[in-house]
Structures are given as structure tokens and as C-alpha cells.
Amino acid sequence: MLKQAVIKSINQGILSPRLWMYSNYHCNLACTYCLTESSPSSAKRLLSAEQMLSWAQQAKKLGFQSIGITGGEPFFRPDIEDVIEEILTYLPVTVLTNGTLFHQKRLDRLRSLARHDFSLQISLDSASPARNDAFRGTENFNKVCDAIPKLIDIGIRVRIATTVSNQSAFESAAIRQLVRSLGVLEEDHVVRSIVSRGRATTQKMGVDVQQNYLMPELTLTTEGAFWSPFAPTYKKNRLEKDLLITTITDPVSKSTALLLSLLKDFQMDPSAEESGFV
Ligand code: SF4
């Protein structure tokens, strides 16, 4: 019955087919606009491999069609390839990553995952190395532009996410051209504004995003189940709870049922799609 309701909501386009997990919150970078205040020294808030696999199995039984893994930087945890490989036996997987940790040994390991329905979404904010690195850290641009063709070469589908603030038409054209030159399809390039949550708020960056701008996408963390992957953010080291659905994450049917009950009167803002939040 719950599975039928999930599938119906997905087919109606009012629920994302993807269930998200925050694998960890620490990161090798400390971007100026980071929603989760991540850094090498931030709390890890690590999900166990067993927990992630269990949620993926439950998600499949509930009618979800894919898994998203985000953080923090998922590739900052040593077991992430094994976790991805296990989840891929149940559902397709997309991992959000900063793209800076793809050394040769990791590329060799990822090669075996390329035969599955597996993709990476890598952040690249500007065609100007200086502007990109001002947000994301020294040498970020070079590392990302080096990694993307190598990943594509071993058969991994790569998407690029560009997070912008006051982007000019010239900058927009330049990043689109760069994305294409790296071998990424135009439809695999996502552009959206900086969201004013987490560190972006304390840095006075980004745009306010209300709930009706965010596609409902069940998102699980060590702290609970949330409305969207933009929701479980940290500001001044405190969890922002405005988009928390429940602190109960097991069984996943509980948070799924609660999310579905919130969808009855929910209407997306029609301009959300063109802003890149859907
Ligand atoms: S935005 Fe992403 S890459 Fe940057 S610090 Fe946050 S988690 Fe790390």
C-alpha cells in the first residue's frame, strides 16, 4: 500500500524517485558557501556501511528508484567504493563529490563500477580558475578539470554542478563551453544559485529558499529524515531543523509515510525549476 503510494507520487512528479543519504559531513575542502559547514576538522556524522545498505534495501522495497549519496565529501571516507558497489546491487547510485580525490588507485577501483548505473556529480563553479578557487580552495579548478576526463575515460557518467552568485552572461557562456570541452553533455550540467543556509548564511551569501522551492526528496542522515538534500544543514555548528520530517530513520517506511502525508497540500513554486532547485 505504501509502495503503491510512493510509485503514484513519483509518477505524478510530486516526489523525487531518489532517496538521499548523507554518508558523512567532513570534507577535505571548506568552501565559502558550504551548506553543511564542512571542513577537514568538522564532525564526521558518519553513517555506517551497514546502515546505508539497509536503507537502500528498504528504499527499493518502498518503490524508490535510485540512491543519492552526498556529504561532506563521500570520497573522504575510505570505504565509500565498497558501499557504492553494494548499493548498486539494489538500485542505481549518484554520488555528489568535489572531484579532488580521484587519484590513480581510486580510478582503478571505480573502473569496475562503470558497468553499473552509476554516476558522479562534480562541482565546478566557474571557467575562471581564480573565481572558482576563491569559493572552493587553491588548485581546486586544476584538480577537477584533470579528474573529469579521466573519469569519463574509464566509463563513468559525470555530471557537473555549477553553483553561482551573480553570474554574468559572459561567465555563463564560458562555463558552458568549458563543460562541453571536458566531455560532459549539456544536459548533464546543472546550474543553480548559492542557497543561503549553513556557512553561506554566516558569510551573507546566496538566496533564501523556501520549502516550496525544493522538490520533496527523502533525505536521511545520522540526525533524522529531511525534506530535501538542501535541508540537513548546519549553521554555527547547530543542525537547522526547519525542514526536518522526523528524527526516526528506521524503518524508512516511517519517514516515507510522513513525507507523503506532507505532500497532500503541497505545491511547488513554478519558478523553482528554472532556478535549478528541481
Ligand atoms: S561545499 Fe562540498 S566540497 Fe565544499 S566544503 Fe562543503 S561539502 Fe566540501
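**Exercise 1. Determine how helix H2 is oriented relative to helix H3.**

*Solution.* H2 and H3 are roughly parallel to each other, a label that applies to angles under 35 degrees, while angles over 145 count as roughly antiparallel, 65 to 115 as roughly perpendicular and the rest as oblique. The elements are DSSP runs numbered from the N terminus, with at least four residues for helices (H or I) and at least two for strands (E).

The model is predicted: local features need pLDDT of at least 70, side-chain atom pairs count only at pLDDT 80 or more, and totals for chains, interfaces and linings use all residues. Residues are numbered from 1 along each chain as its sequence is written.

Step 1. The axes of H2 (residues 49-62) and H3 (residues 80-87) come within 10 Å and cross at roughly 20°. Axes are lines fitted to C-alpha atoms, for helices over the stretch in contact, and angles run from 0 to 180 degrees between N-to-C directions.

Step 2. The crossing of H2 with H3 is right-handed; this term applies if the near helix is turned clockwise from the far one by less than a right angle, and left-handed applies if anticlockwise.

Step 3. From H2, Ala49, Met52, Leu53 and Ala56 meet Asp82, Val83, Glu86 and Ile87 of H3. Contact requires C-beta atoms, placed from the backbone, within 7 Å.

Step 4. The residues of this contact of H2 with H3 comprise 6 nonpolar, no polar and 2 charged. Here Ala, Val, Leu, Ile, Met, Phe, Trp, Tyr, Cys and Pro count as nonpolar, Asp, Glu, Lys and Arg as charged, and the others, Gly among them, as polar.

**Exercise 2. Describe how H2 and helix H9 cross, and which residues make the contact.**

*Solution.* Step 1. The axes of H2 and H9 (residues 252-262) come within 10 Å, crossing at roughly 50°. H2 is therefore oblique to H9.

Step 2. H2 passes H9 in a right-handed crossing. Trp55, Gln58, Ala59 and Leu62 of H2 make the contact with Val252, Ser253 and Thr256 of H9. The classes in this contact of H2 with H9 are 4 nonpolar, 3 polar and no charged residues.

Step 3. The loop between E11 and H9 holds Pro251, and the peptide bond from Asp250 to Pro251 is cis, with omega near -5°.

**Exercise 3. Give the strand order of the open sheet and identify its edge strands.**

*Solution.* Step 1. The order of the 9 strands is E6-E5-E4-E3-E2-E1-E7-E8-E11, with mixed pairing. Two strands pair if DSSP finds at least two bridges between them.

Step 2. E6 and E11 (244-246) are the edge strands, each pairing on one side only.

Step 3. E5 (residues 157-164) and E6 (residues 189-193) run parallel, joined by 5 bridges; Thr163 has Arg192 in E6 as its bridge partner.

Step 4. E4 (residues 118-123) also pairs with E5 in the parallel sense over 5 bridges, and Ser119 is partnered by Arg157 in E5.

Step 5. E3 (residues 93-97) runs parallel to E4, with 5 bridges joining them. Val93 stands opposite Phe118 in E4.

**Exercise 4. List the residues around the ligand and classify them.**

*Solution.* Step 1. Cys27, Leu29, Ala30, Cys31, Cys34, Thr36, Ser38, Gly71, Gly72, Glu73 and Asn98 surround the ligand. A residue is near a molecule or strand if its C-beta atom, placed from the backbone, lies within 6 Å of it.

Step 2. This shell around the ligand has 5 nonpolar, 5 polar and 1 charged residues.

Step 3. The peptide bond from Gly71 to Gly72 is cis, with omega near 25°. Gly72 lies in the loop between E2 (66-70) and H3.

Terms used: Two residues are in contact if their C-beta atoms, placed from the backbone, lie within 7 Å.
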